[in-house]
Amino acid sequence: MPLSGDLLRLADAVLFPGFTGHTPPDWLRRRLGEGLAGVVLFSRNIADPAQVARLTAALRAENPSVLVGTDEESGEVTRLEVAAGSSRPGAYALGVVDDVALTEALARDLGAELAAAGVTLDFAPSADVNSNPDNPVIGLRAFGADPALVSRHTRAFVRGLQSAGVAACAKHFPGHGDTSVDSHHGVPVVADGIEDALLPFREAIKEGVRAVMTGHLLVPSYDAELPATLSPKVLTGLLREELGFEGMIITDGIEMAAVAGTYGIGGASARAIAAGADAICVGGERADEATAAGIRDAIATAVTQGLLPEERLADAARRVRELASWAVSSGSQASRDGSVGLAAARRAIRVTRRSTAPVLPLTSAASVVELAPEMNLAIDRNTPWGVGRPLARLLPGTVVTRLAVGDSTGSALERLLGEAAGRPLVIVVRDVHRHAWQEQALRHLLSARPDAVVVEMGLPERSDLGAVHIATYGSARVCGQAAAEVLTDRV
């Protein structure tokens, strides 16, 4: 039976697809004119702020109330600044500083930049409590491992962002921190009680957060069968009824294997709306017209087949419209403060000196070895990071070598040690505790050069490595700059 136009438009009213290119493709313009709710921007859509402003203006020319969302968490997960690296550290660094006024100011500055570019919905902050240090997908994206700390900084981030007229979106409900699986690839299971994990979401709701993003997580204490995104017990029973959230619930990328692997992208989308979600986010990995059309058709078909009540779909579309109305009316009252990000990165640095020798400051050209692990899919692999580049600006002649997992052979490390003879040696790692090859390479280098400085740009599980250990709690561009300043005692 053909699907009615009204039903297809209602299905489009809950859909946030991605697309390719720096300008809207014809299919997206057409769908926006027919009532498509919103779009999601990824780094592939972004060249510079002026281009993004032109892009979002073109989107609004087709649908003035379109919601434009993006993942701009600051730190490692950046979209607007993917070409140069973020000018703001990520959440973990802010948690280390633990100054809620600073977190609010940084989020307000971020919101002002987003608003100027025409972005109205930011998929941030991460309200996850990173209680598992081996977590492969959260880590530095969380404010920390303490629920109370995460809660106060989640509230501060929401306040700052929304004061700039950009809707905040707390994620990944009901908490992705205590997991060891990346939902891009499988279904993470939260085995224990989740009261601690829920606390930041409770506080975000009290703060008036406009949106919540679901996590594709199995929480057996609430639902032993369905991941949260597809679970009425979690989305309706827990988030709506128990926690009292009245804003828009949007899914994490619906194409992720944790949900699409079982039901397909369209089937997972329909089930998510039926469970209580109001909007479907798609396009990180599937950004074509056929995917967006397939989801719309699957949602509409689910209504005709009785899987999804039409009243539930209409209610979801209403909540999306309410958020769009808020975004149109809120405007941006915030001004930019370009210095807040670097100031925060400097305050987050922690230095452990283990040698009485005067290792720092470095005064001559150094050799820098950066050990580069493969990052999770939330982090654009082209995002610049490291200490070598900013250090070379301060100490001309500095040589930088980056090694991936297959490059750190014994012979390669010996060659680098030979080239570093007579020079200060700086070894940069990223989550060394989660990567055995990094640990082995670091041990090899330090056995020959105990005077080396170790800079950890991920989570520092140990600070007793190297003659001096520097923890940046992030790999954003400003974190690298702050580390280079510490290495040289220059600002």
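Where is the place of D98 in this chain? What we have is a predicted model, in which local features need pLDDT of at least 70 and side-chain atom pairs count only at pLDDT 80 or more, while totals for chains, interfaces and linings use all residues. Residues are numbered from 1 along each chain as its sequence is written, and side-chain values use heavy atoms, with hydrogens and water left out.

Let me start with the sheet. Six strands, in the order β2-β3-β4-β5-β6-β7, make up an open sheet with parallel pairing; here helices (H or I, at least four residues) and strands (E, at least two) are DSSP runs numbered from the N terminus, and two strands pair if DSSP finds at least two bridges between them. The edges are held by β2 (38-41) and β7 (248-250), each of which has a single partner strand, so one side of each is left without a neighbour in the sheet. Between β2 and strand β3 (residues 67-70), which run parallel, there are four bridges, and G38 has L67 as its bridge partner in β3.

Two helices belong in this picture. Helix α3 (residues 49-62) lies across β2 and β3 and runs at about 165 degrees to β2, whereas helix α6 (residues 147-163) packs on the sheet by touching β4 (121-122) and β5 (167-173), with a direction at about 145 degrees to that of β5. Contact means heavy atoms within 4.5 Å, and for the angles, axes are lines fitted to C-alpha atoms, for helices over the stretch in contact, with values from 0 to 180 degrees between N-to-C directions.

Now to the backbone geometry. Most residues other than glycine have a negative phi, and most peptide bonds are trans. Against that background, the peptide bond from A124 to P125 is cis, with omega near 5 degrees, and P125 is found in the loop between β4 and α6. A cis peptide bond also joins K171 and H172, where omega is about 0 degrees, and H172 is found in strand β5.

That brings me back to D98, which sits in the loop between α4 (91-97) and α5 (100-116) and has a positive phi, near 55 degrees, although D98 is not a glycine. With a relative accessible area of 33%, D98 is partly exposed, on a scale where buried means under 20%, exposed over 50%, and partly exposed in between (1.4 Å probe, protein chains only). D489, in the segment after α16 (477-488), has a positive phi of about 60 degrees and counts as exposed at 64% relative accessibility.
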